[in-house]
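Please look over the sequence and the model shown here before reading the notes that follow.

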Amino acid sequence: MLIGLSAERIVLRRLAGDDLAVWERQTDAGHQVDLHVHVMRGERLTDLAALREFLAEYHERDPADWSLTEFPHGDTAGLHDDSQAFWLAEPGVAVNVLVDPAQVDRGQLLATTLAVGAVGAPGRT
């Protein structure tokens, strides 16, 4: 069980050089995705401002209207709203955690986000 959600299956996919983990559960209509974790790689991902710019474009958001709050993630900072959190793991590598805000509240989003880290990093195996 993760963030209060019982995931019947975790799907790992490789997408054009990026990694994606999806937590989903069975519903009457099929499957419902409750959480996505994207690990993105690219030269454009140089700092948090560049990552924010990239995600605003990717998610088709107006950067001026996208209200985000900073949070600490290890030795770096990230940004979040009610449905996603993101940070730069290192230059060229970013992580974006997205949830269904109807299923996961902001506290659960941040708790899950803070639990995501690189294998071999302090506190990780």
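In this briefing a residue is called buried under 20% relative accessible area, exposed over 50% and partly exposed in between, using a 1.4 Å probe and protein chains only. By that scale Arg106 is partly exposed, because its relative accessible area is 37%. The model is predicted, so local features need pLDDT of at least 70 and side-chain atom pairs count only at pLDDT 80 or more, whereas totals for chains, interfaces and linings use all residues. Residues are numbered from 1 along each chain as its sequence is written, and side-chain values use heavy atoms, with hydrogens and water left out. Helices (H or I, at least four residues) and strands (E, at least two) are DSSP runs, numbered from the N terminus.

**Aromatic pairs**

- Rings of Phe, Tyr and Trp (its six-membered ring) pair if their centres lie within 6.5 Å, and the planes count as stacked when under 30 degrees apart, as edge-to-face when over 60 and as tilted for the rest.
- Searching the whole structure gives two aromatic pairs, and one of them is the stacked pair of Phe54 and Tyr58, with 6.0 Å centre to centre and 20° between the planes.
- Both Phe54 and Tyr58 belong to helix H1 (residues 48–58), where they sit four residues apart, about one turn of the helix; Phe54 counts as partly exposed because its relative accessible area is 23%, while Tyr58, at 55%, is exposed.
- Trp66 and Phe86 form a tilted aromatic pair, with 5.7 Å centre to centre and 35° between the planes.
- This pair links distant parts of the chain, 20 residues apart, since Trp66 is in the loop between H1 and strand E4 (69–73) and Phe86 is in strand E6 (residues 84–90).
- Trp66 is buried at 4% relative accessibility, and Phe86 is likewise buried, with a relative accessible area of 0%.

**Salt bridges**

- A salt bridge is taken here as a side-chain nitrogen of Lys or Arg within 4 Å of a carboxyl oxygen of Asp or Glu, and the structure holds three of them.
- Arg61 is partly exposed at 33% relative accessibility, whereas Asp81 is buried at 8%.
- Asp82 forms a salt bridge with Arg106, whose closest N and O atoms are 2.4 Å apart, and this pair links distant parts of the chain, with Asp82 in the loop between E5 and E6 and Arg106 in helix H2 (residues 106–115), 24 residues apart.
- Asp82 is partly exposed, because its relative accessibility is 43%.

**Contacts around His80 and Ser67**

- His80 is part of strand E5 and counts as buried at 4% relative accessibility.
- Not counting residues up to four places away in sequence, His80 touches Ser67, Leu68, Thr69, Phe71, Ala85, Arg106 and Leu110, where contact means heavy atoms within 4.5 Å.
- Ser67, in the loop between H1 and E4, is exposed at 58% relative accessibility.
- With residues up to four places away in sequence not counted, Ser67 touches His80 and Asp81; Ser67 and Asp81 are 14 residues apart in sequence and 6.8 Å apart in space, C-alpha to C-alpha.

**Nonpolar cores**

- A nonpolar core is a set of buried Ala, Val, Leu, Ile, Met, Phe, Trp, Tyr and Cys residues joined through side-chain atoms within 4.5 Å.
- The largest nonpolar core has twelve residues in all, among them Met40, Leu45, Trp66, Leu79, Phe86 and Leu88.
- H1 and E6 are the elements that give two or more residues to this core, and the largest share of this core, four residues, comes from H1.
- Leu88 is in contact with residues including Leu45, Leu48, Leu51, Thr76 and Ala94, leaving aside its neighbours within four places in sequence.
- A second, separate core has eleven residues and includes Val37, Val95, Val97 and Leu109.
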